[in-house]
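Please keep the sequence and the model at hand while reading.

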Amino acid sequence: MARKLAGLAVTLLAASFVIFGASYAAPGDPVTFLAGGKENLTPEYLAAVRAQYHLDDPFLVQYGRWLGGAVSGDLGRSLQYNDQVADLLAARLPSTLALVGCTAVLFTVLGVGLGVLAAVRGGRVDAAVVAGTTLATSVPPFVVATALISLFGVRLGWFPVMGGGSLWHLTLPAVTLAVGALAVVSRVTRQSMIEQRELDHVTVARASGLSERLIVVRHVLRGALGPIVTMCGLVTAGMLAGTVIVEAAFGLNGVGSLLVNAINTHDFPVTQAVLLLMVTAYILVTTLVELVQPLIDPRARRPA
Amino acid sequence: MTAVATLPPSTARPLGHHLATAFLAVVVLAALFAPLVAPYEPDAVDFAATLAPVSPEHLLGADQSGRDLLARVLYGARTSLVGPLLLLAIASVLGVALGTLAAWRRGWVDAVVGRVTDVMYAFPGLLFVVLVVAVFGNGMTTAVVALGLAYAPTIAKYTRSVAVAECGKPYIDAYRVQGMGGLAICVRHLVPNMARPIVGYLVVLFGEGLMSLATLSFLGFGAQPPSSDWGLMVKEGQPAVVQGAFLPVLVPGAAIALVVVSFNVLGVRFADRLGVRGS
Amino acid sequence: MLLSVEELTVEAGGRRPILREVSLTVGRGEIVGLVGESGSGKSTIARSVLRLLPQRARVSGRVLVEGDDVLAMGPEALRGLRSSTVSMIYQDPRSSLNPVRRIGDFLTERMVHTLGRPKAQARATALELLAAVGMRDPEARLRQYPHELSGGMLQRVVVAAALAAGPSLLLADEATSALDVTTQAETLALLRRVQAERGLGMLFITHDLHLAAAFCDRVHVLYAGTIVESRPAKELFADPRHPYTQGLLACTPDLGDPRPIRPVPGRPPSLDDAFDGCPFAPRCPHATGRCESARPEPVTAGGGAAACHLLEP
Ligand SMILES: Nc1ncnc2c1ncn2[C@@H]1O[C@H](COP(=O)(O)OP(=O)(O)OP(=O)(O)O)[C@@H](O)[C@H]1O
Ligand SMILES: [Mg+2]
């Protein structure tokens, strides 16, 4: 456990170093880069930027200051909005989290459902589920997004096309994100259930007269839960990055579209902050997934 | 999705393969002979034809500036196919070199390559590429190179696993006994012997690479106007959707989806043949 | 008759059937042994009593439990049979229990979900049963997971679960093979005790002929899916008639027995070995030309029957 947490800290530190150090990899003087890379900058403005980022300090000191600030919630000021980055993030985060939450519910319910269906029914249903979900994964999310907007947003008018705020607005974006995740979730569910189904204790349960439905729920699915939870967790963690595409496609005001705007306007402090947030969340969620395993499988618990 | 969802599931497996092969052949030919077959120049603006529907003049309609969508999608096949090829080339040169090195030297080299890979994996999805784009600016070159860098660890990891198995085979020792240098063995024997599984793996990655690159273009980080890259075409066509004109997004969107689907249909089988393990 | 298997033949794609015209009976309060090498089809017999046969198996013959044909009954009747009339105990207790559920769940599951008893009552019964099979501190056991118990304790749990529904027939498929000698003895004593207390019929499957002879009333010897000898246990042990049974007895060492150990020559037949005559002929020291060509029919011998040409009058 301690080793795992240490490894987590090291990876996080390395990732944050990459994110911070990236500004120094840019061609030219970091000042012009950090100032937004525009040509007609007054010397006074450049001096202000230089002072704001303490660019005259040694590199590691700057990194330490940035990291310390980030840990304590001070992510610097946005060049574009002239606002605290932390405030910007706080304003955008709820809508992104809501999107990720809706998506997670959707793909978990549908993906696990389809996987169970494929494993239990087998034959044609199985083939159809595998083919259908694989096909769905082969279509890039932004294409799915535009197709859904065209069909349900404009042609049928069932859902709002752009903007956010309500669950109604989140439906199409969440469906878009979930479609891409269905294949991997249903495949893991199916595979894991098929493995569990072959185990002796399932036959024992069947021999004791338990109905097939109860066997599937109480033994096969329960036994398959470990890999399913892991996969759903990993997909959810990766979804944070997926919001970038979907928020851009649906014009949602979330963290993802903040990142796209920040890059297009050369707002590097915001870029850094969003990346750091997403990477941190990703690493935390993946670690969390490992930590819940003992709750699912008592054999993974340490003897008290 | 409209065209995609009706593709036959795997019950019609041979038919699916034929369709996929035929479609990809058409796309490659279109990319090669775009100037000959395209009815217009891809950037020929004609405001009289703004958002034209399907008609004999514009077989697939036209976009907001009246540019013929068929011509654009045909020309777009070039960037959309060459881009993934280039990024895979970059990724495989880097990845195969690192993976072979890690497997050959083991010890600390292996550990360092492993740690670098771990850090890269800490960036979910396209975030590493987004960081590179943020630093070096938008553009197709940046996007391709960044994606190449991002794919390299995956290939390195795969190469390493293949190479470790290969290094255990007796012929490697035989060459060593003959006094051949490590570099020579790797370049002349080890890597060529791993070519089959690695190429198979690259085929599997191609569809994903195409998707990633199109996504970057869609976000505005990759191809820039007036390019007719498919991802960019979807982005540029989006405003028209609200006006009820679907062709500007559906045409390039369907092109991407169909190419990726075809590639995955064929890739899986191809990879099986070449003996790609557990990808 | 409690259990009556009549001319049971099971085929599952091999060159010979897994079981060929097997007939045996188990009465109330009787322990019947079933002995044979690995792959001879012992488990398949036990599983066919619960109709747990391979998916695409072709089955003929009848398996009657209390007069009803298991192979022909409807799904409801089959579930009733599995849940309340017949219980099975398996070789490896550790793989018989779901590793992620508590012992208590395992014990009460059948009572609650198939017999429809209230939870509290099922729990009380589970506690009684655990005490009956000699587990100390049953309360605590109910909350434990399988990996926290030893193999012997788990087998007690499995026996308790088998008794939960108050069955009349117990199928013990190598129930003690995976245990060490002392726990084996304890489990055997336990089985014998509950069998006698409840007057159960029991089909006791083992590959140990000595054990079967000591534990059972009657013993069937199975070879390549056919029963080659069926005799009362004591007589079988004292005077085996079929050459295979003789071979089996000769290849287990006995304390103070100066005879050398003689393993049965050759290897056990697989499903790909088909036979025109006696399946044991290729390994039989007394085989004649007739043994290779004609299948022997069971003939009465020493209080039972044996299928061997040498015994034919
Ligand atoms: N599901 C199945 N499909 C096909 N063949 C099977 C199946 N189950 C068992 N068999 C075959 O049936 C034969 C008898 O198997 P069975 O398990 O009844 O033997 P056994 O006497 O119990 O052996 P053991 O002592 O190893 O438990 C074996 O050759 C086995 O390969
Ligand atoms: Mg068996």
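The structure is a predicted model, and the distance is computed from its atoms. The relation holds in the other direction as well: for Cys232(A), the closest cysteine sulfur is in Cys102(A), again 16 Å away and too far for a bond. A disulfide requires two cysteine sulfur atoms within 2.5 Å. A search of the whole structure, over all chains, returns zero disulfides.

Are these two cysteines buried or partly exposed? Cys232(A), with a relative accessible area of 9%, is buried.

## The surroundings of Cys232(A)

Cys232(A) belongs to helix 10 of chain A. Leaving aside residues up to four places away in sequence, Cys232(A) touches Phe107(A), Thr108(A) and Val185(A). Leu182(A) is 50 residues from Cys232(A) along the chain, yet the C-alpha atoms of Cys232(A) and Leu182(A) are separated by 9.9 Å.

## Fold of chain A

Chain A contains 12 helices and zero strands. Read along the sequence, its pattern is α-α-α-α-α-α-α-α-α-α-α-α. The C-alpha trace of chain A spans about 85 × 60 × 30 Å along its principal axes.

Of the 304 residues in chain A, 48% are buried. Among the contacts in chain A that link residues at least 6 apart in sequence, 70% join residues at least 24 apart.

## Contacts between chains

Which chains share the most contacts? Two pairs of chains are in contact, and of these the pair formed by chains A and B has the most contacts. Chain B and chain C, by contrast, do not touch, and their nearest C-alpha atoms are 23 Å apart.

On the side of helix 10 of chain A, the residues in contact are Val244(A), Ile245(A), Ala248(A) and Ala249(A), and they meet Thr215(B), Phe218(B) and Leu219(B) in helix 9 of chain B. Sorted by class, this contact of helix 10 of chain A with helix 9 of chain B comprises six nonpolar residues, one polar residue and no charged residues.

## Helix 9 within chain B

Within chain B, helix 9 also passes helix 4 (residues 69-105), and the axes of these two helices come within 8 Å and cross at roughly 140°. That angle makes helix 4 of chain B oblique to helix 9 of chain B, because the roughly antiparallel class begins over 145 degrees. The contact of helix 4 of chain B with helix 9 of chain B has 18 nonpolar, six polar and no charged residues. In handedness, the crossing of helix 4 of chain B with helix 9 of chain B is right-handed.

Notes. Residues numbered from 1 in each chain as written. Chains lettered and ligands numbered in written order. Predicted model: local features only at pLDDT ≥ 70, side-chain atom pairs only at ≥ 80, totals over all residues. Heavy atoms only, no water. Buried < 20%, exposed > 50% of the residue type's maximum accessible area, 1.4 Å probe, protein only. Contact = heavy atoms within 4.5 Å. Helix = DSSP H or I, 4+ residues; strand = E, 2+ residues; numbered from the N terminus. Nonpolar A, V, L, I, M, F, W, Y, C, P; charged D, E, K, R; others polar. Axes fitted to C-alpha atoms, helices over the stretch in contact; angles between N-to-C directions. Parallel < 35°, antiparallel > 145°, perpendicular 65-115°, else oblique. Left-handed = near helix turned anticlockwise from the far one by under 90°.
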